[in-house]
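This briefing is for a reader who is new to the structure shown below.

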Amino acid sequence: MIDARIEVPEVPVRADDLDDASHRLRGRAWAVAPAAQQVVVGWSDLRSRYDAPEAADLVERMAIVEKGSAQTSEAFTRVGEVLDELIDALRLLEKRRAAVVDDSESAMAGGESAGVELSIARLRADIAEVLDQTCRDLGGLAAPPPLPLAADGGAVVPVGPRVTWQMRTEQAASEVLLAPLVEAARGGAGRVRAILAAHPEWAERIRQRPPAARAVRDWWAALPPETRSALTHGAAGVVGALGGVPPLDRVAANRVVAQDRLPTVRREIERLDALLSEGATATLQAERRSALDRLNAERDYLRRVVAGDVQLVLYQPDENRIAEMIGTPGADTRRVLTYVPGTFTSVESFYEGGAQDLAQWLFTQDRGTVAFVWKGADFPGDDGDSGPTEQAVGILEANDQQRARDAGERLARFVQEMRIDPPIAAARQIAGGYSWGLVPVTSSELAGAHYDAVHSFAGAWVPEGWVANGVTTYSHWSYTDFLSMAQDAGLVGSGRNPDVTPGFVSRIYDRPGDYDVRLGSELAPFLDPNGPSLRISTTPFENHQLIVSDRAENRLALDDIRDAVLETKK
């Protein structure tokens, strides 16, 4: 009789999936050379635009980009060839496995097992051998040759067994992109400003394709203090958003960005003030007053940034992106909170002071906490308009899976950038998302971010494919509000709401005006008359905002949240 415990081994990778990956890799290999050529052409006329001794040296060093691109393309192509060999082998193994499965079913019916067991053993051994051979082929790829990007007189980093193509690419990218800034910084902050004003494409290239954070960290640490100071004051917009630059140095750079922006804001305030005295329709005057209120809020906020009362580790108002750091990382930092506000959050939400309230309150409960309040991606409804049409569009955007993936990837990258700082990396990592803010938090986990605890504050949903991490604690805090009512009605989250998603421990607080409605009675015939009851509230919008407020009615929830986040019992 065949042993029912013997299982036919699975082929660990589907050939079709690997085929798709191989095609994508080849596409990237083909794209490397044109991209490198574009970079070289873009730099070729530097000497005609920038008359300085170092210009010729920079142009000469750019020639290495073409050589490096050819080497990279060759490596990608060879990896593609190895994958193609693996794909062919996997397809044969898949056919053999299907035949073994058929044979095992027949053997179970006939009571013969010896032949099947032998076939299973051979299949298992062949699967292991195919995978081992692929690993040997990939391991046999030649190490990347040295790329002589060091400045004149500098030491070329030797290539040893620990240097990988990824490490070499990161080093090359950082030197190629950042070397012009270092050269310009020799003339001080004023020279850096002048060069970037004449060549804004330099800063744009860094923004579009930033070097790896760890490469930037090493580059920044090796710079002399006077060079770092020149870059902080002369290339503040670049340094203030550059992953790998320590958070406190990014704060210093963004203080300069705020100082530079203040005159523009003041001029716009003066212009609108003058317009208010002119005749206009009531609608137009109301729009001007609203714009003036927003500018006044921005001016006051920027003054606080310049004074050091607000710390920004990201400030790109034209891109509607901003991130505040509350607290100062150091030896006493015990926990780091990455907090993401919700739908309709914009840069102006930070000016007005609502987006940071919960994170600020938690910081006051224990100064061993450093909090980052992040709005570094496109949020639903973040264009600033608040009319019914815009709000409806924002709610629709809040269900967009692609927006969730993009925000999650950006948040994961931001978290990695902040953890370059040793005190931040050593601390307990906590994430919190309010309303839609839970979406990028959990999406960032899919993109590789790890947290010790995740807190949902009236959170919306988790993305497709998300599962709770076994070593992370998940909590959901909420009142009965308009979002929970929409979730219970199946209008939001497609059943991936935190109060019903495995892994989350939920605490739903009651308020006056909450009650249960039996579906099919008061709401008939619009809902299923045989369905369950629905928990609703007479103050659904107020309740949604209450969970992240410091109002007296929220004291019980705040105390529970504080104890959970700080891991204390009072």
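Two strands count as paired if DSSP finds at least two bridges between them. Helices (H or I, at least four residues) and strands (E, at least two) are DSSP runs, numbered from the N terminus. By these rules, strand β6 and strand β7 (residues 473-479) run parallel and are joined by 5 bridges.

The model is predicted: local features need pLDDT of at least 70 and side-chain atom pairs count only at pLDDT 80 or more, while totals for chains, interfaces and linings use all residues. Residues are numbered from 1 along each chain as its sequence is written, and side-chain values use heavy atoms, with hydrogens and water left out.

- Buried means under 20% relative accessible area, exposed means over 50%, and partly exposed is in between (1.4 Å probe, protein chains only).
- Strand β6 (residues 453-457) is largely enclosed by the rest of the structure, because 5 of its 5 residues are buried.
- Ala453, His455 and Phe457 lie on one side of β6 and Val454 and Ser456 on the other, and both faces are covered.
- Strand β5 (residues 428-434) also pairs with β6, in the parallel sense and over 5 bridges.
- Between β5 and β6 the chain passes through helix α18 (residues 438-446), and this β-α-β crossover is right-handed (with the strands pointing away from the viewer, the path from the first strand over the helix to the second runs clockwise).
- His455 of β6 is the bridge partner of Gly432, and its bridge partner in β7 is Ser475.

- Contact here means heavy atoms within 4.5 Å.
- Leu438 is found in helix α18 and is buried, with a relative accessible area of 0%.
- Leaving aside neighbours within four places in sequence, the contacts of Leu438 include Val454 and Ser456, as well as Gly459, Ala460, Trp461 and Phe504.
- Leu438 and Val462 are 24 residues apart along the chain, and their C-alpha atoms are separated by 7.1 Å.
- Arg250 belongs to helix α11 (residues 247-276) and counts as buried at 1% relative accessibility.
- Not counting residues up to four places away in sequence, Arg250 touches residues including Val239, Leu242, Leu312, Leu314, Glu417 and Met418.

**Positive phi angles**

- Phe344 is not a glycine, yet its phi is positive, at about 75°.
- Phe344 sits in the loop between β3 (335-340) and α13 (347-352) and is partly exposed, with a relative accessible area of 31%.
- Ser435 is another residue other than glycine with a positive phi, near 55°.
- Ser435 is found in the loop between β5 and α18 and is buried, with a relative accessible area of 6%.

**Aromatic pairs**

- Rings of Phe, Tyr and Trp (its six-membered ring) pair if their centres lie within 6.5 Å; planes under 30 degrees apart count as stacked, over 60 as edge-to-face and the rest as tilted.
- The structure holds 11 aromatic pairs.
- One of them is the tilted pair of Trp466 and Phe504, at 5.7 Å centre to centre with 35° between the planes.
- Trp466 lies in the loop between β6 and β7 and Phe504 in strand β8 (residues 504-509), so this pair ties together parts that are 38 residues apart in sequence.
- Trp466 is buried at a relative accessible area of 8%, and Phe504 counts as buried at 10%.
- Tyr479 and Tyr509 form a tilted pair, 5.7 Å centre to centre with 45° between the planes.
- Because Tyr479 lies in strand β7 and Tyr509 in strand β8, the pair ties together parts that are 30 residues apart in sequence.
- Both Tyr479 and Tyr509 are buried.
- Trp374, Phe379 and Trp436 are linked into a cluster by ring pairs.

**Nonpolar cores**

- A nonpolar core is a set of buried Ala, Val, Leu, Ile, Met, Phe, Trp, Tyr and Cys residues joined through side-chain atoms within 4.5 Å.
- The largest nonpolar core has 71 residues, and those that touch the most other members include Trp219, Leu231, Tyr339 and Phe457.
- Helix α11 gives the largest share of this core, 9 residues.
- Domain 2 (170-245) and domain 3 (310-510 + 543-566) each supply at least three residues to this core; the domain bounds come from an automatic or database domain assignment.
- Another core, of 39 residues, lies apart from the largest one, and Val251, Met325, Val340 and Trp466 are among its members.
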